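This briefing goes through one structure, grouped by topic. Please keep the sequence and the 3D view open while reading.

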Amino acid sequence: MAKTIAIVNQKGGVGKTTTCVNLAAALTEAGQRILLCDFDPQANSTSGMGVDKTVSKGIYDALIGEVPVEDALVHTKYGDVLPSNKALAGAGIELIGMERREFLLRDALDKVKDRYDFLFIDCPPSLELLTLNALCAADAILVPVQGEYYALEGLSDLMNTVRIVRRSLNPRLELDGVLLTMFDGRTNLALQVAEEVKHYFPGKVYATVIPRNVRLSEAPSHGKPITAYDRTSRGAEAYTAFAAEFLKKQSA
Ligand SMILES: Nc1ncnc2c1ncn2[C@@H]1O[C@H](COP(=O)(O)OP(=O)(O)OP(=O)(O)O)[C@@H](O)[C@H]1O
Ligand SMILES: [Mg+2]
């Protein structure tokens, strides 16, 4: 049974896209059938998977029924991608008048879901209609949290939104887990933040943490996940370990 996971945190720059791309690639390498749906108009995970973000057909066209979702899929050696492009930027407003406006993404993904083991949705940094669509399409959320000051800021708003979605739109939505990113375990602050996050999400924080690693920030400009860009980097090791922990958890 395919499982859909939204990678979400309305705070910007916490490692959502980096996690989405590198988890997708590491799981593909482990033999899983993966679809990465880039649901952010910034289209960073589209280019991070090596797909041209000026593509003519993308998730936006599939959402509004302009093209069949199958036709928007791009196959890459790191996994399949449903690309985003700038057209998605206006979608938040355009979709407001549409029927089933919260379920457009779910309806689109349902058509291809059976082909995959995991579908990942890279969310934009907001809690508006696009993210709401992701929360309605997902079975679970994965929340990257930057191991720095103010890490917990906004997480209560996120969890509140999740509760509302569960009550009214998508009762099956679960919290898969929380991933500490850009972590520097040498600082007291980072360790303190980790403790706070574990206290806030008991039993939900992944044991693997992603260190700050410059290779991870270089890889996207080469259109490659970290495992293809620099397999021996600490970033590649961390995301490979995280993918293994993620997979083990899913089958537990
Ligand atoms: N572990 C890391 N070490 C070093 N740099 C990182 C790491 N994770 C992410 N980055 C860099 O930090 C920046 C923000 O990361 P990313 O784009 O993954 O965050 P995001 O949550 O998707 O941002 P947005 O909210 O804008 O979508 C990027 O330049 C990325 O390359
Ligand atoms: Mg992003």
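The buried residues of helix H7 are Leu130, Thr131, Leu132, Asn133, Ala134, Leu135, Cys136 and Ala137. Buried means 20 or more other C-beta atoms within 10 Å of a residue's own, exposed means 12 or fewer, and partly exposed is in between, with C-beta atoms placed from the backbone. Helices (H or I, at least four residues) and strands (E, at least two) are DSSP runs numbered from the N terminus. This is a predicted model, in which local features need pLDDT of at least 70 and side-chain atom pairs count only at pLDDT 80 or more, while totals for chains, interfaces and linings use all residues. Residues are numbered from 1 along each chain as its sequence is written, and chains are lettered from A and ligands numbered from 1 in the order in which they are written.

- Cys123 is found in the loop that runs between S5 (118–122) and H7 (129–137).
- Cys123 counts as buried because it has 26 C-beta neighbours inside 10 Å.
- Apart from neighbours within four places in sequence, Cys123 is in contact with Ala6, Ile7, Val8, Lys16, Phe39, Asp40, Thr131 and Ala134.
- Cys123 and Cys20 are 103 residues apart along the chain, and their C-alpha atoms are separated by 9.5 Å.

- In soluble globular proteins, nonpolar side chains tend to be buried together.
- H1 is mostly covered, with 13 of its 14 residues buried.
- From first C-alpha to last, H1 reaches 20 Å, close to the 20 Å expected at 1.5 Å a residue; the expected span is 1.5 Å times one less than the number of residues.

**Shell around ligand 1**

- Of the 20 residues around ligand 1, Lys16, Thr17, Thr18, Pro125 and Ser217 come nearest; a residue belongs here if its C-beta atom, placed from the backbone, lies within 6 Å of the molecule.
- H1 supplies three residues, the largest share of this shell.
- H1 and helix H10 (214–218) each supply at least two residues of the shell.
- The shell divides into six nonpolar, eleven polar and three charged residues, where Ala, Val, Leu, Ile, Met, Phe, Trp, Tyr, Cys and Pro count as nonpolar, Asp, Glu, Lys and Arg as charged, and the others, Gly among them, as polar.

**Helix H9**

- Ala190, Val193 and Val197 are buried in H9.
- These three cover an arc of only 60° around the axis, which puts them on the same side of H9; the arc is that of the directions from the helix axis to the C-beta atoms.
- The buried residues of H9 pack against strand S6 (140–146) and strand S7 (174–181).
- The face of H9 turned away from its buried side carries the exposed residues Asn188, Glu195 and His199.
- The 13 residues of H9 (residues 188–200) should span 18 Å at 1.5 Å a residue, and the end C-alpha atoms are 18 Å apart, which agrees.

- Ala43, in the loop between strand S2 (34–38) and helix H2 (44–48), has a positive phi of about 55° although it is not a glycine.
- Ala43 counts as buried, because 25 C-beta neighbours lie inside 10 Å.
- Met182, in the loop between S7 and H9, has a positive phi of about 50° and is not a glycine either.
- Met182 counts as buried, with 22 C-beta neighbours inside 10 Å.

Notes:
Contact = placed C-beta atoms within 7 Å.
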